[in-house]
Amino acid sequence: MSPEKIVFIIGLLFISSIVALFLYKKLPKRLKKQNYVKKWRELQILCKDKSEWRHAVISADKLLDKAMKQRKIKGKSPGERLVSAQRRFNSNDDVWAAHNLYKKLMNNPDLQPKEVEIKKALTSFRQALRDLGALPSEKKINE
């Protein structure tokens, strides 16, 4: 084999490796559902105590943001990622309402939301996590 062919083959392998690595980094990671189910169950335990509702909503928003990052959804902030992912959600408006409640809780530590608001926000976060594939269907979570 001529030296030109060897250099060509080595160069081709090098370029192919770089392209494969680039594509690997751009593809969304598989979400480990067990970890998300575990975190979601911890959130459900927080909901038993009214004084922890605030923390449950904050944790749920952070969990959704983590899932969006792992799915490689574009955006510098959670809000930008929500905009980028809006077509993936069954009810984009509900996810935004839940995120807005999170922002209100972060900006106003004295805010005491109503139970209905908390339940709706957590239901929206749970559905968004399902839509992203971070949580399995309802039947599988309760098993």
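## D65 and R81

D65 makes contact with P78 and R81, leaving aside residues up to four places away in sequence. This is a predicted model, so everything below describes a prediction. D65 sits in helix α3, and its relative accessibility of 11% puts it in the buried class, because the cut-off for buried is under 20%.

Which residue has a positive phi although it is not a glycine? That's K72, with a phi of about 60°. K72 is found in the loop between α3 and α4, the latter covering 78-85.

Is K72 buried, partly exposed or exposed? With a relative accessible area of 36%, K72 comes out as partly exposed.

## How α2 packs on α3

Now for the helix pairs. Two packed helices are described by the angle between their axes and by the distance between those axes. For α2 (residues 33-46) and α3 (residues 53-70), the angle is about 165° and the axes are 9 Å apart. Angles over 145 degrees count as roughly antiparallel, so α2 is roughly antiparallel to α3. The crossing of α2 past α3 is left-handed.

Who meets whom here? From α2 come Y36, K39, W40, L43 and L46, and they meet W53, H55, A56, S59, A60, L63, K66, A67 and Q70 of α3. Sorted by class, the residues of this contact give 9 nonpolar, 3 polar and 2 charged.

## How α5 packs on α6

The pair of α5 (residues 92-107) and α6 packs at an angle of about 125°, with the axes 8 Å apart. That angle makes α5 oblique to α6. The crossing of α5 past α6 is left-handed.

On the α5 side, the contact uses D94, V95, A98, H99 and L101; on the α6 side, they meet E117, I118, K120, A121, S124, F125 and A128. The tally for the contact of α5 with α6 is 7 nonpolar, 2 polar and 3 charged residues.

## D131 in α6

Staying with α6, which spans residues 115-132, D131 is worth a look. D131 is partly exposed, with a relative accessible area of 22%; the cut-off for buried is under 20%. Which side chain joins that of D131 in a polar contact of 2.7 Å? The partner is Q127.

D131 also touches R88, F89 and N90, with residues up to four places away in sequence left out of the count. As for R30, D131 is 101 residues from it in sequence, while the C-alpha to C-alpha separation in space is 14 Å.

Terms used
Residues are numbered from 1 along each chain as its sequence is written. This is a predicted model: local features need pLDDT of at least 70, side-chain atom pairs count only at pLDDT 80 or more; totals for chains, interfaces and linings use all residues. Side-chain values use heavy atoms; hydrogens and water are left out. Axes are lines fitted to C-alpha atoms, for helices over the stretch in contact, and angles run from 0 to 180 degrees between N-to-C directions. Helices (H or I, at least four residues) and strands (E, at least two) are DSSP runs, numbered from the N terminus. Angles under 35 degrees count as roughly parallel, over 145 as roughly antiparallel, 65 to 115 as roughly perpendicular and the rest as oblique. A crossing is left-handed if the near helix is turned anticlockwise from the far one by less than a right angle, and right-handed if clockwise. Contact means heavy atoms within 4.5 Å. Ala, Val, Leu, Ile, Met, Phe, Trp, Tyr, Cys and Pro count as nonpolar, Asp, Glu, Lys and Arg as charged, and the others, Gly among them, as polar. Buried means under 20% relative accessible area, exposed over 50%, partly exposed in between (1.4 Å probe, protein chains only). A polar contact is a pair of N or O atoms within 3.5 Å; within protein, one must be able to donate a hydrogen and the other to accept it, and residues adjacent in sequence count only if both atoms are side-chain atoms.
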